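Dear colleague,

Please find below the structure that I am handing over to you. My notes on it follow.

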Amino acid sequence: MKVRCLLAAAAFLAALDPTAAFTVPSTSVRAVVHRDGSIIVPSSTSRRKLHPFSIRSRLFMSWGPAPEWTAASVSQNIQACPSGSCVSLKVAVEDGSGFVIPGQYVQVRPSGVFVSSFRYELYCISDSKAGDDVKPVFLAIASPPTGKAISEADAAAGESKAPVPATWEFLVKKTESNSWLTSATSSIEISQPMGNGFPMKENLEGYKYDFPTQNLLLFATGSGIAPIRSAIESGMLNIAPPGSGGRTCTLYYGVRTPDDLSYVSKFPEWEALGVQVVPVISRPDLPCESGTVWNGRTGYVQNALEEDGVPIPRNSGALLCGVKGMCESVRGMLMEANVFEGRILTNF
């Protein structure tokens, strides 16, 4: 009863002050509510169990739109690279119509996590699950979009997005905190697609920057290849093999060792679409369990870009996804080469 009252007080105060965020342990303790709305809870608390799910409860304000959770199931969970550092998930969702732009992401959490009202999320996680530190995982969708964008004119005419059952794919880097998702097929809940994705239509099409975009450069490190894959396979990049009338395209994909390369089996498919795939290995000196001896490009993707240059910067565009250092370095190099800043796109 005390826990319920404490949570109700926190929600009430948060509703009055939308900038507040509260952390409330689900134990029987004395809490002090100050006039400014802050709640102080002693750091030393007892561990009296009140409910099978209530070992820890967390109440906080969501960033961006509130997640709309629906049940989903992992239909396939396979090793995505020889090192086993990444796994590829296929997830069956009840409605995939909201996924319309490559680069969009979702939140994923274990089933049995509950959501409170007022755009606040209440997590009740038992010790029998993944522990006290389970949080929603943010994952970019790796497969092509399954929905259709509805224009304002279509919406005015009464057209709407009908629910479309779909299977989405994800590339997940394995960590201790997400073992509940990567170790085996899982029962999960998934949010609606979020984010604006790569703003390709607005910035790569037409004459917004005076010169049509004829050359695309794609940059990815590690699991950042996932949304880049979505863009490649979406058909929205308008790429084609050289001499076929479409855009030319080069993908620079950086990882530590050859065994960390994901989607290697897809490289021939991407090449057939018109993408020149350039894997770049930063630690070719490390031994590979697969026995691979690397004779290709080494260093970092920004080193490869510096070596190759940008042949015609004013009609080139770029998509970037990966570690912050790579994105910042590549952006700077492209702008120095006179690529229009508005054509250097990220999905965040």
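**The largest pocket**

The lining of the largest pocket has 10 nonpolar, 12 polar and 3 charged residues (Ala, Val, Leu, Ile, Met, Phe, Trp, Tyr, Cys and Pro count as nonpolar, Asp, Glu, Lys and Arg as charged, and the others, Gly among them, as polar). Please note that this is a predicted model, in which local features need pLDDT of at least 70, side-chain atom pairs count only at pLDDT 80 or more, and totals for chains, interfaces and linings use all residues. Residues are numbered from 1 along each chain as its sequence is written, and side-chain values use heavy atoms, with hydrogens and water left out.

A pocket is here an open set of points on a 1 Å grid over the protein atoms alone, where a 1.4 Å probe fits, with protein on both sides within 12 Å along at least five of seven lines; lining residues have an atom within 4 Å of a point. The largest one holds about 560 Å³ of space (the volume filled by probe spheres set on the points, which are joined across faces, edges and corners). Of its 25 lining residues, T221, G222, G254, V255 and V323 lie nearest the centre. Strand β12 and helix α7 (301-308) each supply at least two lining residues, and β12 gives the largest share, 3 residues. Helices (H or I, at least four residues) and strands (E, at least two) are DSSP runs, numbered from the N terminus.

**The parallel sheet**

Six strands with parallel pairing make an open sheet in the order β14-β13-β12-β11-β15-β16; two strands pair if DSSP finds at least two bridges between them. Its edge strands, β14 (297-298) and β16 (344-346), each pair on one side only. Within the sheet, β11 (residues 215-221) is joined to β12 (residues 248-255) by 7 bridges, and F219 stands opposite Y252 in β12. Helix α5 (residues 225-234) packs on this sheet, touching β11, β12, β13 (275-281) and β15 (316-321), where contact means heavy atoms within 4.5 Å.

S282 is placed in the loop between β13 and β14. Beyond its neighbours within four places in sequence, S282 is in contact with V255, R256, G299 and Y300.

**The antiparallel sheet**

A further open sheet has 6 strands in antiparallel pairing, in the order β8-β6-β10-β4-β5-β9. Strands β8 (137-140) and β9 (166-173) stand at its edges with a single partner strand each, so one side of each has no neighbour in the sheet. Strand β5 (residues 86-93) pairs with β9 over 8 bridges, and S88 has L171 in β9 as its bridge partner.

**Confidence**

The mean pLDDT (the predictor's confidence in each residue, from 0 to 100) is 79 for the protein, and 72% of residues reach 70 or more. It stays under 50 over residues 1-62 and also over residues 114-132. Where pLDDT is low, the predicted coordinates should not be read in detail.

With kind regards

Notes. Axes fitted to C-alpha atoms, helices over the stretch in contact; angles between N-to-C directions.
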